[in-house]
Amino acid sequence: MSIILNLLQLGYGRAFLILAVLVLYAVAIIKTRKMTVGVIISAAAIIAIAAVFATSAGRGKDTPTETAADSEPEIPTDIDGDNMSDDFTEQITDLDEAANGQSDTSLTFGRILWNIYLSGTLPDGTHLEYDDVEAAEASSFTIADVDGDGKDELLLNWQDSVMAGMEEIIFGCDGDEVYVQLTEFPLLRIYDNGVIEADQSHNQGLAGRFWPYMVYVYNEELDSYEYVDSADAWDVEVSSEDNLGNPFPEDIDADGDGLVYYILSDNPDPYDGDILWMDGDEYESWHNSYIGNATELSLTWQQLTEENIAALGYPKPEDAS
């Protein structure tokens with residue numbers, strides 16, 4: 001009986017065919033009233049095949065290929081308790097960052113640049129010399145980690161002014177707080193060791209071929225640049241005498257190039273006529289004490305335009321025309 005039930009599990013068509021063959025063999029035996037060896041062997045073979053199919057069908061039913069536990073979906077983890085899968089939350093964050101393409105620092109700098117671009121207003125509320133948006137587009141900016149603290153700074157090269165009002169400003173950022181690290185005339189040489197050389201806006205003294213400059217060094221504790229010294233020079237091609245009538249110090253000019261230098265820290269009052277001049281080798285030694293093997297940074301500047309500011313991700317103020 002169990003074999004017949006299992007045969008039915010193979011499908012009604014197959015079961016009927018096998019049973020029909022068995023019935024025909026039974027009829028043949030009854031009519032002939034004898035069982036030949038061939039009939040017996042054939043009947044045994046058919047019954048064996050039917051038994052194999054039936055047993056296979058039964059096993060197929062009793063042994064599922066997938067358990068209920070296997071079919072249950074994996075429960076996502078929610079470690080932070082926000083009722084969202086942590087994996088899904090990470091995906092959303094990644095998508096948001098990809099869509100915005102900007103960090104919080106870039107957004108903050110974008111907000112600052114909109115204020116500067118539209119009105120010349122700095123983060124502390126003071127104002128640059130400002131004409132209009134078209135004039136502001138003569139200026140440029142860049143974002144880079146110039147002081148080596150691992151965080152980006154915003155550098156603004158402001159040109160919407162007469163020369164005396166031109167500025168290069170380095171802004172630091174801590175969250176939403178933006179502050180000035182350095183303000184100087186926009187002729188800076190920024191090195192990868194935290195040193196900045198800032199050329200003076202004018203060279204109207206005796207320096208001639210040498211352009212006077214100031215030296216700033218980054219202070220990590222203050223997250224700002226501190227003035228440390230200045231360098232100036234006397235070029236004999238400009239004048240053989242200084243403003244007080246003193247002759248050019250040829251005895252100091254050992255290399256004979258007609259240039260001698262002085263360092264402000266060695267000369268608290270360089271206008272009193274008592275200046276400690278130095279020649280090229282001594283000057284280079286002083287210069288290398290700050291620069292050493294440092295490399296000047298190569299920065300990529302962008303014009304201060306609506307398009308470039310908008311690319312930082314912060315929207316243009318709605319009340320702006």
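## Overall figures

What does the accessible surface of the protein come to, and what percentage of it belongs to carbon and sulfur atoms? The surface comes to about 19500 Å², of which 53% belongs to carbon and sulfur atoms, with areas taken from the Shrake-Rupley method with a 1.4 Å probe.

This is a predicted model, in which local features need pLDDT of at least 70 and side-chain atom pairs count only at pLDDT 80 or more, while totals for chains, interfaces and linings use all residues. Residues are numbered from 1 along each chain as its sequence is written, and side-chain values use heavy atoms, with hydrogens and water left out.

The protein has nine helices and 10 strands, taken as DSSP runs (helices H or I, at least four residues; strands E, at least two) numbered from the N terminus. Of its 321 residues, 35% are buried, that is, under 20% relative accessible area with a 1.4 Å probe and protein chains only.

## The five-stranded sheet

Five strands form an open sheet in the order β4-β3-β2-β1-β10, with antiparallel pairing, where two strands pair if DSSP finds at least two bridges between them. Because β4 (177–184) and β10 (302–303) stand at the edges with a single partner strand each, one side of each is left without a neighbour in the sheet.

Seven bridges join β3 (residues 167–174) to β4, and G172 has Y179 in β4 as its bridge partner.

## Strand β1

Four of the five residues of β1 are buried, so this strand is largely enclosed by the rest of the structure. Five bridges join β1 to β2, with A144 partnered by E153 in β2, whereas two bridges join β1 to β10, where S140 stands opposite Q303.

Methods
Buried means under 20% relative accessible area, exposed over 50%, partly exposed in between (1.4 Å probe, protein chains only).
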